[in-house]
Every structure is written in C-alpha cells, then in structure tokens.
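Please keep the sequence and the structure in view while reading.

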Amino acid sequence: MDIFVSSEDRKEVLQLPIIPEELSVKFPHNNQTFSTISEGDIKLIGMPGLKSIAFDSWFPMKEYSFAKSPLLGTEAKEFFVKWKKKRRPIRIVIVNNNGYEFHNELYAIEEIGFGYDRVGDMTYSLSLEQFVPKKVIK
C-alpha cells in the first residue's frame, strides 16, 4: 500500500515514507433518534456525514532503505503546517499493492501533532475530515 498526500491542485505531492500500522476511515451517517409519548423511540435515517481519517506514524529524519520515499520529517511537517495555515484542503490518495487507487478525496486537516522518538525520528498523529467543495451558482 502507498499513501500520497498532495495540495488540492496536485502541484505539490508527497508520498508517505512509512505506512501507518493502522489507518482508520470512518463513514458516519446523520441519523437521529426521537422519543415519542406513545411509540417510544423512533429512528430517522439521515444523510451520510463527512468521512474522517486518522492515523499515527513517523517520518524519518535520515534516509532508511525500507522507506517508500526519501521524504524527511522536516519537509513533511512544513507541508502540513503550510496547508493548515492556508486553510486549504489536501488530497489523500491510497493505492493498494496492485496499483489500484481505492481512495482519492479532499480532506481538511482537523488536527496534527508532532514529536520525536528515542532515535530522533519525527512521530506524528494526523486527523482529517472530508472536504466537499461547493460551487456557487450565479
């Protein structure tokens, strides 16, 4: 599996050098439960909510032969901080081992945290929520 992160227009593309051990994608639904006087609770099935992705991993601070790309932690941190400050979405593309792209969507950076492990590599946690562009009709 490979994970690519890019700017919305795909002019800046990063390949995550280390694949997270676990990747969580949530598909919420905006259902509501109401209590009635005579029928008890009833469930109204709403519209799909915004997907979210969360994962923890690390960025190398030196070259490793097993890394999927030469991306270093400082470059990755600059990328995420830059797009968070610009308040623009980023694109997440996940490709399986056969080259099949099974996830390609825009996400807003909800939260990102950085740290360092005992060998000096940069750890991070990333939380993203789907971004759906809206077109203004004149």
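Two residues are taken to be in contact when heavy atoms of theirs lie within 4.5 Å. The model discussed here is predicted, and every value below was computed from it.

Within α1, the residues Gly73, Ala76, Phe79, Phe80 and Trp83 are buried, and because they cover an arc of only 130° around the axis, they lie on the same side of the helix. An α-helix has 3.6 residues a turn, so residues three or four places apart point the same way. On the other side of α1, by contrast, Glu78 and Lys85 are exposed.

Which strands do the buried residues of α1 pack against? Their partners are β1 (2–7), β2 (13–15), β6 (52–59), β7 (90–95), β8 (101–116) and β9 (122–130). After the helix comes Arg87, a residue with a positive phi, near 60°.

**The nonpolar core**

The largest nonpolar core has 22 residues, and those with the most contacts inside it are Phe59, Phe80, Ile90, Ile92 and Leu126. Two or more residues of this core come from each of β1, β6, α1, β7, β8 and β9. In soluble globular proteins, nonpolar side chains tend to be buried together. Leaving aside residues up to four places away in sequence, Phe59 touches, among others, Gly73, Ala76 and Phe80, as well as Leu71, Leu72, Phe114, Met122 and Tyr124.

**Aromatic pairs**

| Pair | Centre to centre | Angle between planes | Geometry |
|---|---|---|---|
| Trp58 and Tyr64 | 5.6 Å | 85° | edge-to-face |
| Phe79 and Phe80 | 5.4 Å | 85° | edge-to-face |

Planes over 60 degrees apart count as edge-to-face, and so the Trp58 and Tyr64 rings, at 85°, are assigned to that class. Trp58 is partly exposed, with a relative accessible area of 22%, and Tyr64 is likewise partly exposed at 22%. Phe79, at 3% relative accessibility, counts as buried, as does Phe80 at 0%.

Ring pairs also link Phe55, Phe59, Phe79, Phe80, Trp83 and Tyr124 into a cluster. Finally, the charged end of Lys86 sits over the ring of Trp83, 4.9 Å from the centre of that ring.

Notes:
Residues are numbered from 1 along each chain as its sequence is written. This is a predicted model: local features need pLDDT of at least 70, side-chain atom pairs count only at pLDDT 80 or more; totals for chains, interfaces and linings use all residues. Side-chain values use heavy atoms; hydrogens and water are left out. Buried means under 20% relative accessible area, exposed over 50%, partly exposed in between (1.4 Å probe, protein chains only). Helices (H or I, at least four residues) and strands (E, at least two) are DSSP runs, numbered from the N terminus. The arc is that of the directions from the helix axis to the C-beta atoms. A nonpolar core is a set of buried Ala, Val, Leu, Ile, Met, Phe, Trp, Tyr and Cys residues joined through side-chain atoms within 4.5 Å. Rings of Phe, Tyr and Trp (its six-membered ring) pair if their centres lie within 6.5 Å; planes under 30 degrees apart count as stacked, over 60 as edge-to-face and the rest as tilted. A charge sits over a ring if NZ of Lys or CZ of Arg is within 6 Å of the ring centre and within 35 degrees of the ring normal.
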